[in-house]
Amino acid sequence: MTHGLRANLDSPMTYPEHSSHDIPSTGELALSDRASLRRVAGLSTELTDVSEVEYRQLRLERVVLVGVWTEGSAADADASLAELAALAETAGSEVLEGMIQRRDKPDAGTYIGSGKAQELREIVVATGADTVICDGELTPGQLNALEKAVKVKVIDRTALILDIFAQHATSAEGKAQVAFAQMEYMLPRLRGWGESMSRQGGGAGGSGGGVGTRGPGETKIETDRRRIRERMSKLRREIKDMKKIRDTQRSVRRRSDVAALAIVGYTNAGKSSLLNALTGAGVLVENALFATLEPTTRRGEFDDGRPFVLTDTVGFVRHLPTQLVEAFRSTLEEVVDADLLVHVIDGSDVNPLAQVNAVRQVINDVAADYDMAPPPELVVVNKVDAASGLMLAQLRSALPGAVFVSARTGEGLDRLRTRMAELVEPTDVVIDVTVPYDRGDLVARIHADGRVDATEHTEQGTRIKARVPVALSAGLRDFATY
């Protein structure tokens with residue numbers, strides 16, 4: 001077994017291309033693909049010079065990545081593992097190796113099979129890794145079995161993304177949402193070794209519990225589960241209270257008839273940069289996955305003077321954990337409640353269309369939960385200054401109607417503003433009214449809710465030319481100037 005693995009690592013493998021629409025059965029899979037783990041080159045982030053004092057003081061986790069290629073082409077499988085490497089690096093890990101196994105489906109026992117688990121153990125020993133990260137969500141049984149086989153910590157893609165969210169959350173709402181998602185993920189996966197999780201407390205014959213601890217007793221793992229459930233109940237109440245505040249803020253915006261736009265897209269597609277370019281928001285821009293977790297809302301104006309609010313939302317990713325979708329539901333409501341979705345795509349990515357599908361899947365799922373249709377969508381291809389001409393040509397063909405921009409250089413932003421204004425129907429109307437002097441309340445409302453262009457004091461009252469919400473204009477119809 002070891003000899004076969006070494007031969008695989010030392011020489012490049014050739015494997016047949018498979019169409020993403022033609023998934024072979026188990027018997028049809030090439031024997032060379034199933035014989036051993038295939039090394040994915042170019043993923044290592046290991047430092048060549050580890051003499052830096054900072055690095056020696058804070059040793060990064062050294063990880064080996066492993067994925068199971070079940071569908072799509074080899075390029076798709078490599079891209080998925082490359083994304084996992086970027087996620088691991090964002091979480092603060094050092095990637096040593098990336099391995100892929102070709103299977104028709106993940107092994108029910110150890111994710112990659114018992115034989116491949118032993119090969120993976122040899123790779124862990126050879127590289128000195130202390131963690132294995134799997135490119136998928138493992139069941140509690142798979143996680144436990146694989147950890148016993150490789151004898152180091154094993155986490156899956158879901159746990160990795162949750163860890164990144166936990167590092168980046170800053171607001172009270174964001175921290176509560178991430179903590180709830182982590183506990184929901186952790187609850188069925190609690191496990192332990194030896195007596196640490198089976199020791200009982202209490203009991204009539206207990207020897208050390210003292211007053212208040214005697215009784216039927218419960219194991220330590222049962223205690224942990226009970227405490228997690230109690231903490232989750234508290235977090236659920238806190239998130240619900242925060243949701244009320246967000247709903248109030250959103251309803252105030254809706255009553256003002258200001259157009260609400262939401263920027264959505266894959267993580268690190270340049271959403272925050274676009275928000276800054278369109279509104280001068282000055283929010284954090286960082287070349288990292290999930291740099292934005294808390295939605296940021298800023299006010300702007302279309303070229304015709306109409307106001308709008310633009311919300312920068314959390315980025316999506318392929319196989320976004322269901323726990324996060326559930327926990328960030330109040331945040332995602334900003335998306336389904338918008339008048340227009342500005343869907344930002346990274347034009348410099350190797351497979352941007354796969355990102356488009358991943359984002360649309362999440363949006364459709366959230367909209368279905370609220371029994372709503374997804375809002376209209378304006379596709380924006382960002383980073384055209386870093387994209388290849390061939391990729392841009394492919395995107396123009398695949399995404400008719402998309403706007404191509406560069407938030408960094410400003411290219412295409414004028415066209416984007418024009419398209420945004422065209423797709424958002426005006427919610428205000430032009431009025432020319434003469435309001436009697438004893439109706440100062442109406443004059444105050446026009447100034448508060450509308451945009452006044454001209455004011456003139458006449459014998460009959462105050463003549464005002466302005467743009468006001470449709471609802472307000474209905475109440476001013478009797479004062480129209482003819």
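Q: Which residue in strand 16 is the bridge partner of V452?
A: Before we start, keep in mind that this is a predicted model. As a general idea, strands of a sheet pair through backbone hydrogen bonds, either parallel or antiparallel. Here, V452 has A466 as its bridge partner in strand 16. Strand 15 and strand 16 (residues 462–469) pair in the antiparallel sense, and six bridges join them.

Q: What is the strand order in the open sheet of three strands?
A: The order is 14-16-15, and the pairing is antiparallel. Strand 14 (428–435) and strand 15 (451–457) are at the edges with a single partner strand each, so one side of each has no neighbour in the sheet. On average, neighbouring strands of this sheet are turned by 15° against each other, ignoring direction.

Q: Which helix lies across strand 14, strand 15 and strand 16?
A: That's helix 16 (residues 440–449), and it runs at about 45° to strand 16.

Q: Is Y111 buried or exposed?
A: Residues count as buried under 20% relative accessible area. Y111 is buried because its relative accessible area is 4%. K383, at 22% relative accessibility, counts as partly exposed.

Q: How many aromatic pairs does a search of the whole structure find?
A: A pair of aromatic rings is described by the distance of the centres and the angle of the planes. The search of the whole structure finds one such pair.

Q: Which ring does the charged end of R396 sit over?
A: It sits over the ring of F404, at 4.0 Å from the ring's centre.

Q: Which residues does UniProt list for "binding site"?
A: The unreviewed UniProt entry lists S272 and T292 under that heading. To find S272, go to helix 10 (residues 271–279). S272 is buried, as its relative accessible area is 10%.

Terms used: Residues numbered from 1 in each chain as written. Predicted model: local features only at pLDDT ≥ 70, side-chain atom pairs only at ≥ 80, totals over all residues. Heavy atoms only, no water. Buried < 20%, exposed > 50% of the residue type's maximum accessible area, 1.4 Å probe, protein only. Phe/Tyr/Trp six-rings, centres within 6.5 Å; stacked < 30°, edge-to-face > 60°. Lys NZ or Arg CZ within 6 Å of the ring centre and 35° of its normal. UniProt positions renumbered as here; feature names shortened; annotations may be inferred. Helix = DSSP H or I, 4+ residues; strand = E, 2+ residues; numbered from the N terminus. Pairing = 2+ DSSP bridges. Axes fitted to C-alpha atoms, helices over the stretch in contact; angles between N-to-C directions. Contact = heavy atoms within 4.5 Å.
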